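Morning, everyone. Please put the model up on the screen, and I'll talk you through it.

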Amino acid sequence: MAEMTPSKMLEAGVTVKLLSVLVAALLWLTVMMERPAETKILVPVMAEHVPAGLSLAAPSPAKVEITVSGPRILLLMLPLSGLSCRMDMSATQAGTILYVLRQSSVQLPDRGLQVVRVAPAAVSVSLAKITAR
Amino acid sequence: MNVLLQDIEVVRDLLDLSLAAFIIYRLARLQKEVLALRILAVLAALLAGHLLARLFYLQTVRLLLDTFLFSSVVVLAVIFQTDIRRAVASFTRSRSGRDVEMSDVIDELVFAVAGLSQKRIGALIVIERGIQIDNYLAVGTDIDAKVTSELISSIFLPYSPIHDGAVIIQHGKLTKAGCFLPLTQNLEVSKSLGTRHRAAIGLTELVDAVVVVVSEETGTISVVVGGKRSDILDPPALGKMLRRLVEQRWLK
């Protein structure tokens, strides 16, 4: 049968203490990590829905800095989540335009996160007609 | 000024963490250790899972774990209801005249057990702790007397009509004798163990009580807690162990 030495019986009490501290630490960490914070990350600017017959030169600048606010825990993995700032080019014509970046241009992975600022607020984009050879 | 504010924040966080650990530990100690360990392990796993799910934006897993976490409060309240009721009652109850000297009870018990062991008289003594054991006791004779070594010794004398069952100590008083306890169904329990040991293991598998067994054949003293048996070499070691296992509040 499973026999227990006196020291093992007392060890069980120590394990309860240690587990209590662990649960308290995890609970505390959960609360701490829900505190609001802000982080700044550089994301690439990407063009979408470019009209047919137009080609896009690289936007200037190629990357913008976004400031995201939300619970700390959600901000931790944000730099690794492959964010990008998307520009909808469907209504544009040939020429150089100044595209104003909105907070909604960045798709965030969680509803608890919010884009506070995008810097610079606008990027210059050149669209040229594709000439058929 | 900023450094001072940061220091205050660190102290506040440490205080927060320490108080939370203390409250969780006190709540855990209301239950028997095996159950407390399981509850704490499940809570730790749920909290760790919640943190990981939140960290990696796993929203469905998080929803599932959060549901378990929130409902665990209700589940724990149901599990702890007897203890919560008793804790509330003990706050309101006057303590005057009810205090039983812990050392008296343990000393009397150790003295009786030492005598019984020496004479190779079998004995089975149950000390109730956090969980009530009344529901697990069959038959038995109500006694409700002060714990004395003479009384315990006389109950277990072979010609006593109630020597075959267990003596129950609840709130520092010898409340019952000749009680039959549930026998263990564990197949791993050695076949060489007698009915007393099997009964001690059986009861402690169900509740957090401490059971002292004196073997009739060898005179060996054993302490059984949480379904685990531990042989005690001598009476002083028994006293030391009982003082560690049985808290003052359980003898009041």
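Chain B and chain A bury about 3500 Å² between them. Of that area, 72% is on carbon and sulfur atoms. This is a predicted model, so please hear every value as computed from the prediction. In residues, 41 from chain B are in contact with 38 from chain A. Which three residues supply more of the area that chain B buries against chain A than any other three? They are B:L51, B:R54 and B:Y57, and they supply 20% of it. Keep those names in mind. Two of them come back.

Now the polar side of the interface. There are two salt bridges between chain B and chain A. Residue pairs in polar contact between these chains number four, counting pairs with both residues at pLDDT 80 or more. Which elements give two or more residues to the side of chain B that touches chain A? The list is α1 (2-28), α2, β6 (221-225), β7 (228-232) and α8 (235-245), all of chain B. Helix α2(B) gives the most, with 13 residues.

Take the salt bridges one at a time. B:R54 meets A:E34 side chain to side chain, at 2.7 Å from N to O. Where do the partners sit? B:D13 lies in helix α1 of chain B, and A:R35 lies in the loop between α1 (6-33) and β1 (36-48) of chain A, so this pair joins two chains. Over all chains, the structure holds nine salt bridges.

Back to helix α2(B). It covers residues 33-55, which is 23 residues. B:Y57 sits in the loop between α2 and α3 (59-79) of chain B.

Seven strands form an open sheet, in the order β2-β4-β3-β1-β5-β6-β7, with mixed pairing. Its edge strands are β2 (138-146) and β7 of chain B, and each pairs on one side only. On average, neighbouring strands are turned by 20° against each other, direction ignored. Look at β1 (residues 123-127) and β5 (residues 210-214) of chain B. They run antiparallel, joined by five bridges. One place to look is B:I127, whose bridge partner in β5(B) is B:V210. What lies across β1, β5, β6 and β7 of chain B? Helix α7 (residues 195-206) of chain B does, running at about 175° to β5(B).

Over to chain A. Here an open sheet of four strands has the order β4-β1-β3-β6, and its pairing is mixed. The edges are β4 (85-88) and β6 (114-119) of chain A, each pairing on one side only. Neighbouring strands in this sheet are turned by 35° against each other on average, direction ignored. Strand β3 (residues 63-71) of chain A pairs with β6(A) in the antiparallel sense, over five bridges. Within that pairing, A:V68 has A:V115 as its bridge partner in β6(A).

One last stop, further along chain A. Is the peptide bond from A:A119 to A:P120 cis or trans? It is cis, with omega near -5°. A:P120 lies in the loop between β6 and β7 (122-129) of chain A.

That's my tour. Questions, please.

Note on methods:
Residues are numbered from 1 along each chain as its sequence is written. Chains are lettered from A and ligands numbered from 1 in the order in which they are written. This is a predicted model: local features need pLDDT of at least 70, side-chain atom pairs count only at pLDDT 80 or more; totals for chains, interfaces and linings use all residues. Side-chain values use heavy atoms; hydrogens and water are left out. Two strands pair if DSSP finds at least two bridges between them. Axes are lines fitted to C-alpha atoms, for helices over the stretch in contact, and angles run from 0 to 180 degrees between N-to-C directions. The expected span of a helix is 1.5 Å times one less than its number of residues. Contact means heavy atoms within 4.5 Å. Buried area is the accessible area (1.4 Å probe) that two parts lose on being put together, summed over both. A salt bridge is a side-chain nitrogen of Lys or Arg within 4 Å of a carboxyl oxygen of Asp or Glu. A polar contact is a pair of N or O atoms within 3.5 Å; within protein, one must be able to donate a hydrogen and the other to accept it, and residues adjacent in sequence count only if both atoms are side-chain atoms.
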